[in-house]
Amino acid sequence: MTLDLDAYLARIGRPVAADPHPTVEVLRSVHRAHMLGIPFENLEPLLDGAPSLAVADLEEKLVRGGRGGYCYEHNTLLAAALTQLGFRVTLLAARVVVGAAPGDIRPRTHMLLRVDVEGEATPWIADVGFGSHGALLEPIPLVVDAELLDTPRRHRLVHAPHDGPLELWELQAGKGGYWEPQYEFTLEPFEAPDFDVINWHIATNPRSPFRQAVYAQRTLPGRHLALSGRTLTATADDGTVEERELSGSEEVLRVLAEDFGVRLPEGTVLPG
């Protein structure tokens with residue numbers, strides 16, 4: 001099935017009559033609009049389900065259903081949209097390194113996209129599914145040490161040392177006076193069935209972090225919202241952070257609906 005592109009563009013707040021030509025500017029604007037338009041959330045794995053990555057199901061959930069999703073859902077949806085817009089998209093897999101202890105080796109479980117633009121020599125990395133304040137707001141050119149000012153954020157790609165035959169790339173986010181590593185990847189192509197397996201593991205393994213607590217993220221003009229369990233954190237563009245504890249499941253559901261734009265079926269009961 002092909003994606004209903006008009007419905008997708010309407011969902012992310014981009015004019016339906018937008019320029020359909022696959023240019024770098026279109027890539028940037030669609031990426032940023034998606035980040036601002038569709039929230040990150042893990043509620044399906046938390047409620048004992050593995051989300052479908054079929055385009056029809058993603059359209060029903062994320063485009064028409066008032067829901068968000070996690071990286072496999074977001075980036076599969078974006079890949080479908082960009083492909084229909086005329087871009088060449090390659091699926092990649094990354095190891096998340098932010099928050100890892102020294103010496104920890106995490107598996108490659110994060111999906112991101114390499115995007116090639118016709119007539120442009122430099123490919124781009126696109127990623128609308130990294131549930132973190134360090135996430136890209138716009139795609140970043142695949143150029144070592146080049147900095148991206150995706151206002152109000154800053155990012156760069158560097159080469160990281162490793163023993164493999166392919167160059168290892170690391171996405172870093174600017175954090176005031178230092179660069180914080182976010183994830184590492186090579187340019188080995190992955191295919192959709194690879195992520196079907198990874199998605200199932202992350203959604204059903206009882207040790208998966210996405211099975212432990214509610215995680216939701218929403219990027220809004222001027223601020224970023226993050227919900228982890230019952231802790232709600234609002235980070236303003238100037239770096240100011242406000243944090244509060246929600247009172248219980250009912251308030252979590254209300255905040256998800258009102259602040260994150262995540263509409264769950266009536267009668268949904270969250271664990272814990």
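These legends go with close-up views of a predicted model.

**View 1. Helix H2 packs against helix H5.** Here we're looking at H2, residues 24–37, and H5, residues 71–85. Their axes sit 12 Å apart and the packing angle is about 150 degrees. Angles over 145 degrees count as roughly antiparallel, so that's the label for H2 and H5. As for handedness, the H2 and H5 crossing is right-handed.

**View 2. Side by side, the residues where H2 meets H5.** On the H2 side you'll find Val26, Leu27, Val30, His31 and His34. H5 brings His74, Leu77, Leu78, Leu82 and Leu85 to the meeting. Sorted by type, the residues of this contact come out as seven nonpolar and three polar, with no charged ones.

View 3. To find Pro152, go to the loop between strand E6 (147–150) and strand E7 (153–160).

**View 4. Asp48 has a positive phi.** Most residues other than glycine have a negative phi. Asp48 isn't a glycine, yet its phi is near 75 degrees. Look for Asp48 in the loop between helix H3 (43–46) and helix H4 (55–63). With a relative accessible area of 61%, Asp48 is exposed.

**View 5. Asp145 is another non-glycine residue with a positive phi.** For Asp145, phi is about 70 degrees. This residue, Asp145, belongs to the loop between strand E5 (140–141) and E6.

Technical notes:
Residues are numbered from 1 along each chain as its sequence is written. This is a predicted model: local features need pLDDT of at least 70, side-chain atom pairs count only at pLDDT 80 or more; totals for chains, interfaces and linings use all residues. Side-chain values use heavy atoms; hydrogens and water are left out. Axes are lines fitted to C-alpha atoms, for helices over the stretch in contact, and angles run from 0 to 180 degrees between N-to-C directions. Helices (H or I, at least four residues) and strands (E, at least two) are DSSP runs, numbered from the N terminus. Angles under 35 degrees count as roughly parallel, over 145 as roughly antiparallel, 65 to 115 as roughly perpendicular and the rest as oblique. A crossing is left-handed if the near helix is turned anticlockwise from the far one by less than a right angle, and right-handed if clockwise. Contact means heavy atoms within 4.5 Å. Ala, Val, Leu, Ile, Met, Phe, Trp, Tyr, Cys and Pro count as nonpolar, Asp, Glu, Lys and Arg as charged, and the others, Gly among them, as polar. Buried means under 20% relative accessible area, exposed over 50%, partly exposed in between (1.4 Å probe, protein chains only).
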